[in-house]
Amino acid sequence: MPSRGHTHFRHLLFACHLAWRDLFSNKILALCIVSGLASTLLPMLLLAGLKAGLVDHMQQTLLHDPSALEISSARNYPYSEQQLEALRTDKRVTFLLPKTRTLAASVRLQATNTTSVFEGTDAELLPSSPGDPLLGKRIEMRLAKLHAQISSPDIPVVMSAHLAEHMHLQPGDTFVMLIDRHAAGAAKMARIQLNVAAIADETVTSRFQLFVSLPVAQAAEEWRENTNLSSWQEALTLGEQKAADFLKARTPKATWPGFRLYARSLSDVITLDRDLTHQGLSITSELPRVKTILNINQQTTHLFHLMAYIGAIGFAVTLGTAIAAETERKKFHLASLTFLGLNNARIIPVVQTILLATGGTCLAFCIAWGLSWPMNRILHNTFLQDETSASSINITIAFALQLVAYIIPGSTIMAWATTRSLHRVSPWQGICNS
């Protein structure tokens, strides 16, 4: 003899089977309900994909663009190492390095076989170190060489792409850097041989820049301003000492003429810019561009939530009225099933609600999936990149799964509430009214 639990489970399966057969027998009505549900969800799915493809992609592009996260000093000013150390240890800052004076960072570059000091290309020295977001992870190992081999005959440097193209240089090539100074009415020139350790991406900068280690950049400044130095090696020794003191925070009284830092996130750019401006510091940043993207993201998020609420209400009203009407029409049939011993007859509307909600969501997702490809193709040339299409589709999938996670339980609760009207109908009334 089967146990009570086994019998209850069989009745439950039979009730689910009846729910499916009832929907299949009224397939036209069920299809209309599913189509109505899909029409309420489709705009939300398309908006979710569009938001992911445009706004989120723009935000991620900015986040991966180091120049958008960069805040640098706008003019030469004596920044103490205490100020720079406070900034470097700020949780909102992911990287900070001091800069040398603008005039001291101007150098002339020549090919190794050039003898005239009037020939060459003017460039700018920019201190860099491992972890520099501006250069990225692609040449992380090359940055380590900038510090490890500064005393070698050929000092390794990283060149900007435009400078390397202008001078026709490739990684591994050598060239000469000229740094002049005037002391006691006489001009003196330091001639330093450099080696191209790597070439930065074209997107890093459009200027003629040499990325060197902080000791080398400081040595160039020492050579120009300290007329007591007789050789480049003496200047390089002083540069190494001052750079080491900064990195280890050993000389709080020392000052630097500028700095370059990178925020951890776009919102940190706004707060850092505000705090530094309130301190009276003259800085440059991509604040307008960052604010524009964050504002667009905020407004589209509000619009998306508004449409999501409207769509959810429309979905609930469409499904609720359909199930309520069907339950009212079939209440005597359900009561007859209860009279015949199927105690789980009241869950039939609940099962039908789950099936209809799932069907409507799946149909809306399939339509959104199909429309995402032509939408991405239309917007591709203006806004999107190749990877954005995948991002849009992935976000649409995630949002569809989230909808299912909320809609199906919500629909189940709503359908269970509609079956309360069945309690007013006794099982014998179903037989009498059949």
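**Close-up views of a predicted model**

View 1. Helix H7 covers residues 214-225, and at 1.5 Å a residue its twelve residues should span 16 Å; the end C-alpha atoms lie 17 Å apart, which agrees. The model shown here and in the other views is predicted. Ten of the twelve H7 residues are buried, so the rest of the structure largely encloses this helix.

**View 2. A four-stranded open sheet.** The strand order is E3-E11-E1-E12, and the pairing is antiparallel. Strand E3 (93-99) and strand E12 (283-285) form the edges, each pairing on one side only. Ignoring direction, neighbouring strands of this sheet are turned by 15° against each other on average. Six bridges join E3 to strand E11 (residues 258-263) in the antiparallel sense. In one of these strands, E11, glycine 258 is the bridge partner of lysine 99.

**View 3. Helices packed on the sheet.** Helix H4 (residues 81-88) packs on the sheet and touches E3 and E11. The direction of H4 makes about 155° with that of E3. Helix H9 (residues 266-278) also packs on the sheet, where it touches strand E1 (70-73), E3, E11 and E12. The direction of H9 makes about 150° with that of E11.

**View 4. The largest nonpolar core.** This core has 33 residues. Leu96, Phe211, Phe259, Leu261 and Leu276 touch the most other members. H4, E3, helix H8 (232-247), E11 and H9 each give two or more residues to the core. Another core, of 32 residues, lies apart from it; among its members are Ala161, Met167, Ile199 and Leu229.

**View 5. Contacts of phenylalanine 259.** Residues up to four places away in sequence are not counted here. Phenylalanine 259 touches Ile71, Ser72, Ser73, Tyr79, Leu84 and Leu87, among others. Its contacts also include Leu96, Leu97, Pro98 and Lys99. Leu276 and Ile283 are on the list too.

**View 6. Cysteine 362 and cysteine 366.** The structure holds zero disulfides. The closest cysteine sulfur to that of cysteine 362 is in cysteine 366, 6.5 Å away, which is too far for a bond. Seen from cysteine 366, the closest cysteine sulfur is that of cysteine 362, again at 6.5 Å and too far for a bond. A disulfide would need the two sulfur atoms within 2.5 Å. Cysteine 362 counts as partly exposed because its relative accessibility is 40%.

Key. Residues are numbered from 1 along each chain as its sequence is written. This is a predicted model: local features need pLDDT of at least 70, side-chain atom pairs count only at pLDDT 80 or more; totals for chains, interfaces and linings use all residues. Side-chain values use heavy atoms; hydrogens and water are left out. Buried means under 20% relative accessible area, exposed over 50%, partly exposed in between (1.4 Å probe, protein chains only). Two strands pair if DSSP finds at least two bridges between them. Axes are lines fitted to C-alpha atoms, for helices over the stretch in contact, and angles run from 0 to 180 degrees between N-to-C directions. Contact means heavy atoms within 4.5 Å. A nonpolar core is a set of buried Ala, Val, Leu, Ile, Met, Phe, Trp, Tyr and Cys residues joined through side-chain atoms within 4.5 Å. The expected span of a helix is 1.5 Å times one less than its number of residues.
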